[in-house]
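I opened this notebook page to record what I looked up in the structure shown below. The entries follow the order in which I took up each topic.

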Number of protein chains: 2
Amino acid sequence: MSFKIYDISMLISEDIQVWDNEESRKPKFNTIHHAVTGTTESRICLDVHTGTHLDAPLHMLADGATIETIPLHDLHGTARVLDLMHINEEITRSDLEPFAIQHGEWILFKTRNSLSEIYEFDFVYLKEDGAKYLAELGVKGVGTDALGIERSQDLFPTHRTLMRNNVLILEGLRLDVVPAGTYFFILAPLKLKGIEAAPARAFLLKM
Amino acid sequence: MSFKIYDISMLISEDIQVWDNEESRKPKFNTIHHAVTGTTESRICLDVHTGTHLDAPLHMLADGATIETIPLHDLHGTARVLDLMHINEEITRSDLEPFAIQHGEWILFKTRNSLSEIYEFDFVYLKEDGAKYLAELGVKGVGTDALGIERSQDLFPTHRTLMRNNVLILEGLRLDVVPAGTYFFILAPLKLKGIEAAPARAFLLKM
C-alpha cells in the first residue's frame with residue numbers, strides 16, 4: 001500500500017505554546033543519564049491539553065464521558081481539511097455552508113493559527129452558530145489549529161454544543177503544509193484512564 | 001473503506017504495571033474540577049517508558065537519535081503478529097526462523113505477557129541471538145507485550161543490537177485478543193522533543 005503521510009501534530013517541548021501563555025501550563029521534562037549502564041530515562045509532566053490533544057466531554061460537562069471511552073471507530077475515518085486561511089476572527093455557519101459537509105466526516109480547520117508558534121490571544125475560533133450547524137449535520141469531530149476551539153464566548157457554548165451532540169473536539173493541529181482536501185484520518189490520543197482529555201498524535205494519509 | 005481495528009495499547013492509570021514494580025515509576029494524575037465554570041482540567045506526570053511506548057536509540061546509545069526524529073514511514077506499514085504463546089522464557093533465533101520473516105516488516109510478539117496486568121519479573125523476552133537474526137533480516141521494528149524487550153542479559157545486548165541496526169523497539173503491547181497474522185500497523189508515539197522514548201497508542205487494522 002503506497003500513501004503519503006502528513007503528521008499534523010505539534011512538537012511537544014518545554015517551551016511549546018500553552019493556553020493563555022501561562023507558565024504553569026508548560027510541560028516539564030526530567031531526563032537522567034545513567035553513567036554506569038549508559039542508559040537514559042525521562043519522566044515528563046504535562047497538562048493533558050498540551051499541544052495536539054483530544055477533549056472528552058468531561059472537560060466541559062460534569063457528567064461527561066472520559067477520554068478512554070471514546071469508540072475506536074470515531075478515531076479513524078474520512079477527514080476533510082477546509083481552507084479557512086481568509087478568516088481573521090470567527091468561523092460561522094455561513095463560512096461552513098459552501099463546503100457541503102457530510103454526516104460522519106471529521107472536519108479540520110486550516111487557518112492562520114497553523115502559522116504561529118506562539119500563543120495568540122486573538123486566535124481564529126468556531127462561533128456558537130457554526131458549532132450548532134456542525135452538530136446538526138452530525139459530523140464525527142471537529143479539529144482546529146488553535147489550542148482551543150473557542151474564545152470570547154461565555155459558558156463555552158461551542159464546546160458544550162458539540163459535546164452534547166457527540167461531536168469530538170480536537171485542538172492544537174498543525175495544518176500549514178497540508179493541502180485542502182479529503183484524507184484518511186488517524187487520531188491517536190494517549191489511552192489515559194478516567195480523565196477529560198489526552199495529548200494525541202494525528203496523521204492524515206493520502207492513498 | 002471498511003476495516004476492523006484492534007487497539008493494542010495499554011490503558012494508562014495510576015496503578016498500571018511499571019518496570020521492576022517500582023512505585024516511583026507510576027504515573028500521577030492531578031485533576032481539578034472548577035466549580036464556577038463547570039470545567040475539568042488535568043495534569044499528568046509519567047515515565048516515558050510507561051505502558052505501550054516506543055524507545056528511541058538514545059535510551060541505550062549515548063549518541064543515539066531522539067524520539068521525534070524517527071521517520072514517519074517507520075511508524076506505519078505491514079506488521080505481523082507472531083503467536084509465541086508456547087514460549088515460557090526466551091525468544092531465540094530458532095523460535096523465529098519458521099516464520100519466514102521479511103525485510104521491512106514490523107514483527108509483534110504475542111506471548112503470555114499479554115495476559116498479565118501485573119509486572120512479571122520473569123517475562124518472556126527476546127534473547128540476543130534472536131535480536132541479531134531480526135537485525136540481519138532488516139525488519140523495521142520489533143514489538144513485545146512485555147514492558148521490556150529483554151531482561152537477564154548484561155549490557156542490554158538485545159536493545160543495543162536492534163538500535164545499532166535501525167530496528168525500532170516497541171514495548172508494552174496488549175495482543176491477547178489479536179489473532180496471529182498480517183495487519184496494517186499504525187504506531188503513534190507522542191511527539192516529544194529531544195528525549196529517548198515516548199508513550200504511544202498503537203492500532204492494527206485488518207482491511
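The entries below cover symmetry, interface, disulfide and cavities.

**Entry 1. Model and symmetry**

I noted at the outset that this is a predicted model. I then asked how chain A can be laid on chain B. A turn of 180° with a shift of 0.0 Å along the axis superposes them, and the RMSD is 0.0 Å. The two copies are therefore related as by a two-fold rotation axis. I also looked up which residue of chain A comes closest to the rotation axis. That residue is Cys45(A), whose C-alpha lies at 2.0 Å.

**Entry 2. Interface between the chains**

I looked up the contacts next and found 57 residues of chain A in contact with 57 residues of chain B. Between them, chain A and chain B bury about 5,000 Å². Carbon and sulfur atoms carry 65% of that buried area. On the side of chain A, the residues that lose the most area to chain B are Arg43(A), Lys191(A) and Arg201(A). Together these three make up 15% of what that side buries.

**Entry 3. Disulfide**

I searched for disulfides over all chains and found one. Cys45(A) and Cys45(B) form it, with their sulfur atoms 2.2 Å apart. The pair crosses between chains: Cys45(A) belongs to strand E3 (residues 39-47) of chain A, and Cys45(B) to strand E3 (residues 39-47) of chain B. I then looked up the torsion about the S-S bond of Cys45(A) and Cys45(B); it is about 110°, so the disulfide is right-handed. For reference, a disulfide is a covalent bond between the sulfur atoms of two cysteines.

**Entry 4. Cavities**

I searched the whole structure for cavities of 30 Å³ or more and recorded two.

The largest cavity holds about 80 Å³ of space. Its lining residues include Met10(B), Gln17(B), Tyr119(B), Asp145(B) and Arg174(B). By class, the lining of the largest cavity divides into six nonpolar, three polar and three charged residues.

The second largest cavity holds about 70 Å³ of space. Among the residues that line the second largest cavity are Gln17(A), Tyr119(A), Asp145(A) and Arg174(A). I counted its lining by class as five nonpolar, three polar and three charged residues.

Methods:
Residues numbered from 1 in each chain as written. Chains lettered and ligands numbered in written order. Predicted model: local features only at pLDDT ≥ 70, side-chain atom pairs only at ≥ 80, totals over all residues. Heavy atoms only, no water. Disulfide = S-S within 2.5 Å. Helix = DSSP H or I, 4+ residues; strand = E, 2+ residues; numbered from the N terminus. Least-squares fit on C-alpha atoms with pLDDT ≥ 70 in both. 1 Å grid on protein atoms, 1.4 Å probe; cavity = no way out; pocket = protein on both sides within 12 Å on 5 of 7 lines; lining within 4 Å. Points joined across faces, edges and corners; volume = space filled by probe spheres on them. Nonpolar A, V, L, I, M, F, W, Y, C, P; charged D, E, K, R; others polar. Contact = heavy atoms within 4.5 Å. Buried area = accessible area lost by both parts, 1.4 Å probe.
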